[in-house]
Amino acid sequence: MEETIDQARMKFSRIVNSRSYTRFNQSQNPDGESSRVEVKLGVDGEEEMDGTEQGHMQNETYTRSSRSVPWNKWRILIWVGGVLVIFCMGVLIGYSAHRKSEPPSCSLQETVTMKSVPEVPSNPEVLNYAPVLDWSDLVKLLNDKLSSKAIEDKLSEYSAPGRKAGSSLDNKLADNIHNIFTQLNMDPWVDEHFVKLQYPDRSKPNTVSFGSVVIERPIGFLAYSETGTKEGRVVYANYGEVSDLQTVKNGAYRLNLNGSVVLMRAGKISMAQKVMNAANMGAVAVLIYPDPADYKTMAENDDLYGHVHLGSGDPYTPGFPSFNHTQFPPAKSSGLPGILAQTITANTARTILGKMGGDDAPDGFKGAFPSYKLGGESDKVTVVVNSNLAETKIHNVFGVIKGYVDPDRYVVIGAQRDSLTTGYAKSTVGTTLLLELARVFTELKKDGFRPKRSIVFASWTAGDFGNIGVTEWLEGYWASLSRKAFTYISLDGVVTGSGSFRASASPLLHTLLQKTLGKVKSPRSTSSLLQTYDNDFSKLLTPMQMDDGAYPFLALSGIPSLSFSFVSSAATDGEYLGTNLDDEAHLDRITSQKVVELSVLAAQVAGQIALRLVHDHILRLDVTKYTDVITKHVSAIIKGVDALKNNKVDKIESLSTLWLNEARGSYSRAADALKNDIGNTDLNDMEACRVINNRIMKVEHNFLSPYVSLRDVPFRHIFFGNGWQTTADLEKYLGDALENKTSFNIDQVLNDFALLTWTIQGCANDLAGDIWALDNEI
């Protein structure tokens, strides 16, 4: 109908030579007269007021003389009458066609098909495209196009050792990925950063001595350790958790950790956390080793690699990006512990423990060695760390498949490509799947897939130094990313074993992940992945750690994020990451030669989640899931306050939990209201859907505390961040005050309560909608 009307209008315009166009330019001829008029029906690059880019309209230009030939009035009447007849016929035909067509079915259920009426984007060119694919057809196409052979070939191609960040091999791989994105017509681009990376000095090796005897010249290292030489009494402190150190320092042993060298087992917490904990206790150096009780598959002479920055990104540009043109003063991240740190082999640890005296370690401290002592006064160890900081140019590589309705909204799929070791499980598999999904999504587009939103594919580097590539990109563009990127899917370490599955995700993604696992099936079973793991989704979830590639997106930028992995059933899964055991032969062995099969399943999980997020009218982010998270933390805080009141702690009576609980209720009501709004919205109304999606997209970002500095506290998320602004920190403080581990400061607690309350309340208000839609119930 619209096409017929448009044709009629065009004929009418050409007949009467109308000038009523949206924009025109008068181009003067050389003699200065405006003898010709150039009229443009559309202009490239126009934007809607809310920031959505309109598609390019085809420019139709024509010229006409400023002097027209007079028309006979009968001729005009005949032409006008003819045009009116054509117009009326178009209206009747369009009305008849409209009556015969059925309105589209628009439901949020899984079984909904979208074939009947495709979206009509603001870009007129999209009118010529085929309708979007039915969801079930789209999933089938995705699964059919994922190629085991392509994955196997790429795994071999991208598994070469020596892919250190900024190295020639890393840069070559980046160029290769850029070329692939170019061949796929994904408009690739490169993001460059100049970051400080630390490597050992080859001319002056690091050493560890017991007494006056050098017992190891380690090959492995911990980036961002302080450099120099430190000697001190060696103290064994198990895994280096705060409780372990307190047992040694404040328990029955009463060992002085000031000026000590602390020996720790790897595992349980990150190496950066271990070193920072020891630094806070006054230690001058830390030695970390893999105990055979925890690292059963490692040889006792295998080396460990890692970093000690308790944060992410370049630790010498905290809170701002490492662009070459930035002119910031020298700075250091507060996450740098400022003490020496070195990894040693299990053999060296066995030697040190065998020479140590002092009390026997507690039973919980003992591993696979015959002797575990806490250390005597005369047990002296000297640690020498010689490392160089070098400014290094790194490259992140991106490609994009643009959406047809909201191209300025996008899901990001990313993978680390660098490694200090072979990095087969940690980075090779993820990079392979990144490129395979890019190929498959491009082919889906050729077959008629019309994503409503864009998909960005990202290849990161410097991941082994603390997610530097990811974080620098987020710091460089976080102001706009938080308004446009609505999900991040990490492919790092998606296959590290077999027999089990684990995932870390924002609560907003829990429902979508659960439903996806309920649909993806193993080729060797008729059961879904969720059924394979006892249908208990909660057991598959683990808290997201700081060294997770998705963590900066969630805790730094407030973007809902997801990481997942096929893992071994053993508790020591992933023990070989960061060692030279992370190679193809080892992963084949622990997965029973099923690396390719598991990689295909991982691609299906990531691919289906991404497809859902760009296919549906409404974003599949479940805001009601945060109601449970808020309730859990608020309940714990209220319980802590009640316990302090029962103990009659000084000034505790002035502390009320009423407003915090009210904020919890406000969020719950706002989430329910949004659910009702979705049910009452015409999902064919693109603007209405966009308004609702904007409300959904703000939720995660609004849980970043606005009351702390991004530079001082980069992970500002009140539930998943790190710092005094978090609910976990407040809960811990109340618990410590109850146990007399810290003095109770009522002013500090009142301040924490107020800021936490208004962070949650502010999120609830924004979720509820426009300010004129708010009421006292929210």
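Reader: What is the strand order in the open sheet of seven strands?

Author: This is a predicted model, where local features need pLDDT of at least 70, side-chain atom pairs count only at pLDDT 80 or more, and totals for chains, interfaces and linings use all residues. Residues are numbered from 1 along each chain as its sequence is written, and side-chain values use heavy atoms, with hydrogens and water left out. Strands (E, at least two residues) and helices (H or I, at least four) are DSSP runs numbered from the N terminus, and two strands pair if DSSP finds at least two bridges between them. The pairing here is mixed, and the order is E4-E14-E16-E15-E17-E19-E18.

Reader: Which strands stand at the edges, each with a single partner strand?

Author: An edge strand has one partner, so one of its sides is left without a neighbour in the sheet. The two in question are E4 (189-200) and E18 (499-505).

Reader: By what angle are neighbouring strands of this sheet turned against each other on average?

Author: Axes are lines fitted to C-alpha atoms, for helices over the stretch in contact, and angles run from 0 to 180 degrees between N-to-C directions. For this average, direction is ignored. The value is 20°.

Reader: Which residue in E16 is the bridge partner of Ala-415?

Author: Strand E15 (residues 406-416) pairs with strand E16 (residues 453-460) in the parallel sense, over eight bridges. In E16, the partner of Ala-415 is Ser-459.

Reader: Which helix lies across E4, E14, E15, E16 and E17?

Author: Contact means heavy atoms within 4.5 Å. Helix H5 (residues 168-183) packs on the sheet by touching E4, E14 and E16, with its direction at about 10° to that of E14. The helix that lies across E4, E14, E15, E16 and E17 runs at about 145° to E4. That one is H10 (residues 468-484).

Reader: How many salt bridges are there?

Author: A salt bridge is a side-chain nitrogen of Lys or Arg within 4 Å of a carboxyl oxygen of Asp or Glu. One network of them links Lys-145, Glu-436, Arg-439, Glu-443 and Asp-447. The count comes to 27.

Reader: How many residues apart are Lys-332 and Glu-226?

Author: Their closest N and O atoms are 3.8 Å apart, in a salt bridge. Lys-332 sits in the loop between E11 and E12, and Glu-226 in the loop between E7 and E8. The pair links distant parts of the chain, with a separation of 106 residues.

Reader: Is Asp-736 buried or exposed?

Author: Buried means under 20% relative accessible area, exposed over 50%, and partly exposed in between (1.4 Å probe, protein chains only). Asp-736 meets Lys-732 in a salt bridge at 2.8 Å, N to O. Lys-732 has 54% relative accessibility, so it counts as exposed. Asp-736 has a relative accessible area of 17%, so it is buried.

Reader: Which residues form a nonpolar patch on the surface with Tyr-707?

Author: Patches are made of residues with over 30% relative accessible area and no salt bridge; like charges are joined within 9 Å, nonpolar side chains (Val, Leu, Ile, Met, Phe, Trp, Tyr) within 5 Å. Accessible areas come from the Shrake-Rupley method with a 1.4 Å probe, and for residues only the protein chains shown count as cover. Together the patch has about 350 Å² of accessible area.
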